[in-house]
Structure formats: structure tokens, C-alpha cells
2 protein chains.
Amino acid sequence: MISGKFAITIHILTLLHKFPNDYLSSEFIAGSINLNPVLVRKEIANLKAHHIVESKEGKNGGTKLAVNAAELTLKQIFEMTFESIGLGFAKNQPNPDCPVGKNINQHLEVLYSEMNQNVSKQLEAISLEDFSNQF
Amino acid sequence: MISGKFAITIHILTLLHKFPNDYLSSEFIAGSINLNPVLVRKEIANLKAHHIVESKEGKNGGTKLAVNAAELTLKQIFEMTFESIGLGFAKNQPNPDCPVGKNINQHLEVLYSEMNQNVSKQLEAISLEDFSNQF
DNA sequence: TAAATTTGTAACATATTTTATTACAGTATG
DNA sequence: CATACTGTAATAAAATATGTTACAAATTTA
């Protein structure tokens with residue numbers, strides 16, 4: 001899961017923020033995202049690993065937020081779901097006998113790293129609460 | 001082609017900048033990128049459509065830069081190969097009967113649009129010449 | 001304590017996207 | 001006219017993302 005991971009996760013978190021007192025089931029959440037509940041549970045597993053949510057198994061179980069939405073930033077969500085932004089690399093290892101091929105990936109990495117810092121600063125300024133309160 | 005398009009294109013352009021007097025063949029370029037020559041020609045077709053390079057068909061043909069490398073910015077290359085940056089969307093249309101589902105994509109679009117402006121500003125400050133001269 | 005409901009997870013299936021290959025017509029060079 | 005390129009379409013293969021099925025384990029509630 002790459003393309004949808006951030007979007008799905010922030011969707012889940014927004015729902016949890018809207019219902020702070022309930023344990024929401026993966027099926028309910030899946031109905032809002034229009035996604036298979038198993039995939040929702042997989043993203044929740046990721047959130048749990050980062051101690052962002054807590055789940056309850058069994059009947060009437062589900063998931064709820066475990067952190068203050070005002071203190072959770074989009075940067076953190078980004079890092080949990082995307083690692084890093086960038087414009088990609090060619091699939092195959094470039095020719096090491098060519099001065100350009102030998103060094104291109106290293107130079108791209110530097111460039112992308114700067115992009116990440118840039119975007120991270122922006123996302124750091126937005127909390128889940130900010131995002132959720134737009135709705 | 002998504003993941004590699006920008007990287008391949010800037011690789012091509014860097015090579016063309018290093019050999020400003022030659023028409024480089026797609027096979028030569030492909031050898032540096034370690035990529036099928038047909039895919040190189042496809043990216044070159046994109047560059048030609050943007051009047052960044054010119055090609056000569058026939059024997060001893062190939063491609064060379066058609067612009068001043070000092071005036072071509074990475075932002076322009078980004079726009080020719082990536083349209084826009086972002087953190088993706090869920091694949092399926094979210095539930096329109098849910099207040100969150102109904103509006104999430106619109107809010108994500110705004111967020112991603114801000115990211116784009118941010119990154120574009122950064123990439124605008126770097127020319128192909130700057131990038132190529134690192135090698 | 002039994003039935004119902006939900007998470008957690010693995011295994012597998014399908015769909016989508018990316019990358020690679022083959023083929024060949026068209027064009028310029030020598 | 002032989003050679004070596006580009007341009008492009010059609011197809012194949014590989015990689016990745018998404019979806020489905022299945023079921024054990026946990027918890028609630030009757």
C-alpha cells in the first residue's frame with residue numbers, strides 16, 4: 001500500500017476525532033472510506049504500533065484515539081505512512097562506469113532530502129485537530 | 001511511468017548538458033541509465049513536446065539540448081514529469097453520505113496544493129546547470 | 001456458559017501500474 | 001543502397017497495490 005496509505009490513515013484519524021467517546025469498528029470506518037475492512041485494520045495496526053490509537057477486541061470492540069489531536073501533527077502522520085517524499089529513482093542501478101550514472105542517485109537523494117525537510121516543516125504546523133475541524 | 005520519470009528525465013538532461021555538441025543516441029543514454037532505449041525515446045518525446053531538446057533522425061542521429069541549461073529549472077522538469085506532488089488518495093470514492101467521506105478529498109487536495117507550491121519554490125531555485133555541475 | 005460480534009493476521013486472488021521487449025516504418029548519412 | 005538511427009504501436013512480463021476469504025482469539029451480553 002503506497003498511494004493510499006496517508007489518505008486512508010488521516011481519514012481514519014479524522015473519524016476517530018469526530019467520535020472521541022466511541023470505539024469505532026473497522027467495518028464502520030471502512031464504510032466511510034469505501035475500503036475493505038481488513039485494509040482498515042492493517043492501517044490501524046500501524047497506528048497502534050505508534051501508540052496513536054488503542055483498540056478493543058471482541059463484541060462492541062473497535063478503535064479510538066489515544067493521543068491529543070491538538071498535539072498530533074500531520075508531519076507525524078506523514079512519517080508513519082510515507083517515510084519520505086521525493087520524485088523517485090530509476091528502477092535499475094545506473095551504469096557505474098559513467099560519471100553521471102555513478103552519482104545521480106546520490107545527488108537525487110540530497111535533493112529529495114531537502115524537499116522532505118521543506119514539506120515536513122509545513123506539515124508540522126498542522127495538527128489533526130486543525131485538519132479535522134475543517135469538516 | 002511514475003516512479004522513475006523525473007529521475008530518468010533529469011539523467012537524460014544531465015548527459016545532454018555534459019555533451020553539448022553531440023547528438024546522443026537513445027542507446028548511449030540507455031546505457032548510462034540502464035534502461036530500455038525505447039523508454040528513453042519516450043521520455044525524449046516528452047521533452048521534445050516541451051521544446052527542451054531537439055532530435056535528428058537517421059544515421060548518426062540522436063538528441064541534444066535545445067535550451068540554455070542555466071535557464072531550465074528543476075521546477076520545469078518536475079512539471080513535465082510529475083504534474084504534482086502529494087501523499088495520495090484512497091483508490092475508491094469515499095462515502096458521500098458521511099461528512100468526512102464527502103469532503104476528505106477536497107481537503108487533501110488543498111493540502112497537497114500547498115505542498116506543491118512549497119516544493120515548486122524550492123525547485124525553481126535550481127537550474128539544470130546547477131544540478132549538472134555537481135557531477 | 002453459549003451466542004454474537006469484533007479484532008488480528010495469514011494466505012491467497014485480482015487488478016493496476018510500471019517496465020521491458022519486439023517489431024517495423026520512416027529518415028538521414030555516407 | 002546499406003547502415004544506423006528515431007518514432008511509435010503492440011504486446012509481454014514484472015512489480016505493486018488492493019481485495020477477499022478464512023479463522024483463531026477476545027470480549028460482551030443475554
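## A tour of the interface and the helix packing

Start with both chains on display: about 3,800 Å² is buried between chain B and chain A, and carbon and sulfur atoms give 69% of that area. Buried area here is the accessible area (1.4 Å probe) that two parts lose on being put together, summed over both. This is a predicted model, where local features need pLDDT of at least 70, side-chain atom pairs count only at pLDDT 80 or more, and totals for chains, interfaces and linings use all residues. Residues are numbered from 1 along each chain as its sequence is written, chains are lettered from A and ligands numbered from 1 in the order in which they are written, and side-chain values use heavy atoms, with hydrogens and water left out.

**Stop 1: the interface.** Select the contact residues, 47 from chain A and 47 from chain B. Contact means heavy atoms within 4.5 Å. Look for salt bridges between the two chains, and the count is zero. A salt bridge needs a side-chain nitrogen of Lys or Arg within 4 Å of a carboxyl oxygen of Asp or Glu.

**Stop 2: α5 against α5.** Select residues 99-124 in chain A and in chain B; each stretch is helix α5 of its chain. Helices (H or I, at least four residues) are DSSP runs, numbered from the N terminus. The two pack at an angle of about 135 degrees, with axes 10 Å apart. Axes are lines fitted to C-alpha atoms over the stretch in contact, and angles run from 0 to 180 degrees between N-to-C directions. α5(A) and α5(B) are therefore oblique to each other. Under 35 degrees counts as roughly parallel, over 145 as roughly antiparallel, 65 to 115 as roughly perpendicular and the rest as oblique. The crossing is right-handed: the near helix is turned clockwise from the far one by less than a right angle. Now show side chains. Among those of α5(A) that meet α5(B) are A:Leu111, A:Met115 and A:Val119. Partners in α5(B) include B:Leu111, B:Met115 and B:Val119. By class, this contact has eight nonpolar, four polar and two charged residues. Ala, Val, Leu, Ile, Met, Phe, Trp, Tyr, Cys and Pro count as nonpolar, Asp, Glu, Lys and Arg as charged, and the others, Gly among them, as polar.

**Stop 3: a salt bridge in chain A.** Select A:Lys75 and A:Glu124, whose closest N and O atoms are 3.8 Å apart. A:Lys75 lies in α4 (residues 74-82) and A:Glu124 in α5, so the pair ties together parts 49 residues apart in sequence. Over all chains, the count is six salt bridges.

Stop 4: Select α2(B), residues 26-33, and α3(B), residues 37-49. Their angle is about 105 degrees and their axes are 8 Å apart, so the two are roughly perpendicular. Find B:Ile29 and B:Ile33, among the α2(B) residues that meet α3(B).
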